[in-house]
Amino acid sequence: MTDHNNSQNSQKNTGHDAKVGGSGSPALLHFFGRRWRAVWNGNPPGLILLLAGLFVALIMSVPIIYVAWRSLFAGADSWLRLLDGRIPALLWNTASLTIAVTVLAIAIGVSLAWIVVRTDLPGRRAWQWLMALPLVIPPYVGAVTYIIVFGPSGWARDWWEAVPFLGDYALNIYSFWGVFLVLTLFTYPYVFLIVSASLRRMNRNYEEVARSQGYSTAKVFWKVNLPFLRPAIGAGAILISLYVLSDFGAIAMLRYVTFTAAIYFQRASFDTASASVLSLVLILLTMVILWIEVRTRKKNKFYQTSNSYREPDTLKLGKWKPLALVYVSTVFVFSVALPIGVLVYWTYIGFEQHVIDSRFFGFAWNSLKVSALAAVASMILALPVIYLKSRYPSMISTGIDKLSYAGYALPGVIVALGMVFIFNTHIPAFYNTYYLIILAFVVRFLPQAMQAGEASLSLVSPRIDEAARSLGYPPWKVMIKVILPSIMPGVFAGGALVFVSSIKELPATLMLRPPGFDTLAVRVYYEASEAIYYQAAPGALLIVLVSLIPLRYLLKKY
Amino acid sequence: MKKYTKLFSLPVLALGLLAAGCGADDEGGETADNGADTDTDTEEQDDTDEEAAELDGELVVYSARNEQFVQALLDKFEDETGVEVRALHGADPLQLVEEQANVQADVFISNDIGGLEYLNQEGLLEGGDYENADSIEEQYRADNNEWIALSTRARGFIYNKDMVSEDEVPSSMEDLFDEEWADVPNGYAITRGGNGGMIGNVSALRYEWGDERTQEWVEAIRDNAAGIFEGHGDIRRAVGAGEHAFGLVNNYYYHQQLEEPNDNNVGFVYADQGEGEMGAIANAAGVSKVSGGPNSENADAFMEWVLEEENQLAFVGESLEVPINPELEPPFEDAVRVTELNFQDMPLHELGNYFEDTTRLIEDAGLDLDLR
């Protein structure tokens, strides 16, 4: 079939020469052949490439479909019990936290972006990337440092009690407010980065019109800037709310229970029916958020006119300068300096206690191994999906693309739950091997590799593909021999992103690790929950340092 | 395009290391290799021990006990026999049930006899005729040694002496029905309902009181406790630091807290010791051989090995529990011997009959997921 279809560059081909298959009813086959070509706009991609794409889509979506399927067979009993007792409380916990974190993160992110991009803040170049730094600290690591400092026996208690008239130590990190604060501090950079980029592209003309009508700076911000920023804010808000829904580590460490944590604990006590019921509710919750995103995107379309573009001017802070500086520094201290300082301090103590031994390197090696293999696998698997999407657009390639995002949007616990089900019952040979962890990483992070690859691929002209096809290469061969070499940098950037996300990943690793195979993230989680901070800190610091690698890419991207 | 080269070098570097690692297996990587190539290096490294000569390969251990107590024991076994131990800490007995068609573990170590006996009743454990099994009284073993308990503990209340005195702490499980205990300074602490020790505790109460009253009790402590923690280690640290006045734990956590360099002004009340009261709720920690595990011979060797007196003490290890073998001296000061306490008259293996429904009862009472 592959060779019959190599009628490249024939958008107006009506399909008369499509000799699909050999025997059978020619008329019927003819009909299907024509339909097939119509789906692909007369340019079908060839069997091998298509199968590769479908294979990826299958891997990416099967664990989730399986969880949903299992939940339907959990029995009316489980459903009723959970709907009655558990779900309302979890829904409240989860929704209130998600909304609160998203709102505050937007407030912090937008205000910081505006101050850093639009005003004459001293050192604004440096602040632009300093403010994005919290992104490299996984929230569960941030949570550990906050427990060390603000926990009931933390450093802050000693300071508090040293002040005579303050009375008993009143901060409770193990509360809604603790989780809320920690998650906000380590997620606001998503909004900050996206909004900064938007602000930098904003056309000065609109503001000047507003000003000429007598608007004050504050009014310009609310009436002109903010509406333009709405798409950017929305995109950041989606990222943050999806993150809060999926976070396990920070939430569990701070003793708060959301859907994700509940699913993890149900799974840990092997109440599989309840775990899958809760998972389905969480899947629905995620879909609601994604739906809101699609809706708002459609409703709000703002256009920048590019022909009269002028760079926005820098506003003078004047008497507000000290205040702005204090604000920016405060956020920096609490979201970067404090956690890193705590980690460095405890790493030093750990170093003196000789915890950086062969065992530690064993864990680091495990982390490196699964993350590197996941990165390589993602680079390979992303290729057919993005190639199909960009060169052979159709319903089918869009579907494959969308399915590939399933694991990215959904929490890691659900991905892991599905894989446990499938492998334990159907593919026992791979059950309890580290290959499962790698697979889970791929399912969770493939879209990062896809996005990076797509960015590169969009710069390569389709004319090159056409030339190669006309010389007789089938589509899959064009992809590998001709296109791949020219998009290599993007593919590798994607691999690096997957690598870093994998190193940080906690819940799926916890649920899927085989006996005797702990990674750094697992050790950090375990040791921190046992309050052995000098053992937890070196691993956590290493994870943070590795996460610095793709920061430059992220800063460029937005 | 140059900016990408840095990003790109990392996975490549990692791959290079990976390739190198597959060839020459590093000594530190006892955890790194995953059965794919069974380790022949370790076998050569080990030097003495006659029994070691026959053993190689690996042993997969699932453990529900705190990693801090178990890892040293497993390292000792690995050193002395050359068998590579792959441990999964924090395992739940139900994982063995789920994997019964695809058995992964050779040995299961637990700190809840209820879980062990439950697995035994499900036919997932395998008995054996071990040389030194007689050193453990029969009531602490399953009929055919499917599981053997090695150390024991009793439930009670650890309290902070700076905050409350002994008579301001409850003296029985029944006391906790009373709301007044919510009003002690900073309240009191319990573990999450999914904790093995808590499950054993609730099972014992069901044996004593029946389900209805027990569920009321679980609901009462859920309502009145100020802290609900993941594990008992959190409780002893919190009580020691004065975050809560007292907490419901096993006795050995008290001994552990005594050994801390600071925050160690704590006391302990064994519950239900009075005239006519039910006696302290006991539980034990033990080992079992999983039926049909991938390394059956090594599992046998491990069972024999751990029953050697020296290793029975190693099993107790840093937990500061009391060894069950009466010949053995507890490895720490002021241990309360099993014989000195008034225990609940329930045979420990009864816990197995309660295991399954207890988790359900805890779930119904809503304690299974709470953390605060």
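The structure is a predicted model, in which local features need a pLDDT of at least 70 and side-chain atom pairs count only at pLDDT 80 or more, whereas totals for chains, interfaces and linings use all residues. Residues are numbered from 1 along each chain as its sequence is written, with chains lettered from A and ligands numbered from 1 in the order in which they are written.

Within chain A, confidence is highest in helix α13 (residues 321-352), at a mean of 94, and lowest in helix α24 (residues 551-557), at 70; helices here are DSSP runs (H or I) of at least four residues, numbered from the N terminus. Over residues 1-22 of chain A the pLDDT stays under 50, and for this stretch the model has 34 contacts beyond four places in sequence, a contact being a pair of residues whose C-beta atoms, placed from the backbone, lie within 7 Å.

In chain A, helix α14 (residues 358-391) packs against helix α20 (residues 475-504) at an angle of about 140°, with the axes 8 Å apart; axes are lines fitted to C-alpha atoms over the stretch in contact, and angles run from 0 to 180 degrees between N-to-C directions. α14(A) and α20(A) are therefore oblique to each other, the class left for angles that are not under 35 degrees (roughly parallel), over 145 (roughly antiparallel) or 65 to 115 (roughly perpendicular). The residues that make the contact include Ala375(A) and Met379(A) of α14(A) together with Val491(A) and Gly495(A) of α20(A). By class, this contact has 16 nonpolar, 6 polar and no charged residues, where Ala, Val, Leu, Ile, Met, Phe, Trp, Tyr, Cys and Pro count as nonpolar, Asp, Glu, Lys and Arg as charged, and the others, Gly among them, as polar.

In chain B, the axes of helix α6 (residues 196-209) and helix α7 (residues 211-224) come within 7 Å and cross at roughly 140°, so that α6(B) and α7(B) are likewise oblique to each other. Among the residues in contact are Arg206(B) and Trp209(B) of α6(B) and Asp211(B) and Trp217(B) of α7(B), and the contact as a whole divides into 5 nonpolar, 1 polar and 3 charged residues.

Arg157(A) lies in helix α6 (residues 155-162) of chain A and is buried, with 20 other C-beta atoms within 10 Å (20 or more count as buried, 12 or fewer as exposed, and values in between as partly exposed, with C-beta atoms placed from the backbone). Leaving aside residues up to four places away in sequence, Arg157(A) touches Pro152(A) and Tyr169(A).

Terms used:
Helices (H or I, at least four residues) and strands (E, at least two) are DSSP runs, numbered from the N terminus. Two residues are in contact if their C-beta atoms, placed from the backbone, lie within 7 Å. pLDDT is the predictor's confidence in each residue, from 0 to 100.
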